[in-house]
Amino acid sequence: MPPAIARSVASLRSLVAGWRAAGERVALVPTMGALHRGHITLVEAVRQHCRRVVVSIFVNPLQFAPGSDFNRYPRSFETDCRQVDAAGGDAVFAPSVEEMYPAGFATEVRVAGLTETLCGPFRPGHFDGVATVVAKLFIQCGCDLAAFGEKDYQQLQVVRRMATDLDLPLTILGVPTVREPDGLALSSRNAYLSPAERAIAPRLYAIMQQAAAALEAGATAAGAEAMARKALKDAGFNPVEYVELVDAESLARLDRLRGQARLAVAAWLGQTRLIDNIPVPSAR
Ligand code: AMP
C-alpha cells in the first residue's frame, strides 16, 4: 500500500491512534524532503524496531536565517513519496507552514550549551528552530522512536538533550553518515553544487580523514585543525568556518584526542555551505 499522506496534525494523530490500538510501535523520521539514500537509510534503520514508520517532510522556516536558502531549498514531494513507498514507510506527514505555526504561535524550545559551539555562532537561531519543530513533531506523532543522521551531529546531540530534558517518552536513534563512493556525505544541498564544485567537494572528507590520522598519531588539536584549514583553503573552500575536535557527548572542545571524539568541519564551496564530521578514533 502506498504511504498515507497526512497534511494535518489531526489526520496524523488518527492514523497513529489506529496503529496504537492494534499494539503497533511507531517510528518517526523527520526530514525536509528532497530525499536521498541518507534519509532512506534512516527509514530502514527504524523499521528494524517499529512496525510503523512515519516520514515527515517539512521545510521548517524557523531554522533558516532571513535571506538564506529557504525559498530555493529543493522540493520534490512526488518523488519523495515514491521513495518512502519503496522503503516501506507507512505515512508521510507533510504539514503546511500554517498548520505548524498558526497565527499567534509564540513558543520556542531552546537548548543551552550544546547549541553554542560549532555551527551555533555561525547560524544564530538555527538550533532553536530545529529544537522547536522537532519537539512539535514528537508531540504530534507520539512516536516510540525517532531517527536522526550523524551527518548533522550537533543536531543529533541537541535533539537527544531536548528529548531527555522534556521527558519525552521516546528513544532517539543516531544513524551513521551515508556517503557517495568518493566520500562526499549525501545532502539535499549537494544539488546546489556546480560540476566543478562537485569535483572538489569530496576533498572535505579526505582532508578530515588526514586530520584524524594526524590526531591518532599524536598531533595536537590545534596542529591538526590548522593543517586541515590550510588544506581546505588550498582545495578551494572559502570561508572555512570551523575545523574542531570535540568530545562526542558534550561537544566541548578538546586540545588533543581523548575518549570518544568527533572532528567536525563547516566550510563554503561557492554559494554552498557544507558540513561534515567523523568519529576519532575512526570506527574500523
Ligand atoms: P534533512 O532533510 O537534511 O533535514 O535531514 C533529515 C535527516 O536525515 C536528519 O536527521 C539528517 O541528519 C539525516 N541525514 C541527512 N543526510 C544524511 C546522510 N548523508 N547520512 C545519514 N543521515 C543523513
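The legends below describe close-up views of a predicted model.

In this predicted model, local features need pLDDT of at least 70 and side-chain atom pairs count only at pLDDT 80 or more, while totals for chains, interfaces and linings use all residues. Residues are numbered from 1 along each chain as its sequence is written, and side-chain values use heavy atoms, with hydrogens and water left out.

**View 1. Residues around the ligand.** The ligand is surrounded by 17 residues, where a residue counts as near if one of its heavy atoms lies within 4 Å of the molecule. The closest of them are His39, Gly149, Asp152, Val178 and Leu186.

**View 2. Pairs of N or O atoms at the ligand.** A polar contact is a pair of N or O atoms within 3.5 Å. The side chain of Asp152 places an N or O atom 2.6 Å from an oxygen atom of the ligand. A backbone N or O atom of Val178 is 2.9 Å from a nitrogen atom of the ligand, and a backbone N or O atom of Leu186 also lies 2.9 Å from a nitrogen atom of the ligand. Of the 480 Å² of accessible area that the ligand has on its own, the protein covers 93%, as computed by the Shrake-Rupley method with a 1.4 Å probe.

View 3. For Cys50, the nearest cysteine sulfur belongs to Cys143 and is 8.5 Å away; for Cys143, the nearest is that of Cys141, at 4.5 Å. Cys50 is buried, with a relative accessible area of 4%, where buried means under 20% (1.4 Å probe, protein chains only).

How values were computed. A polar contact is a pair of N or O atoms within 3.5 Å; within protein, one must be able to donate a hydrogen and the other to accept it, and residues adjacent in sequence count only if both atoms are side-chain atoms. A disulfide is a pair of cysteine sulfur atoms within 2.5 Å. Buried means under 20% relative accessible area, exposed over 50%, partly exposed in between (1.4 Å probe, protein chains only).
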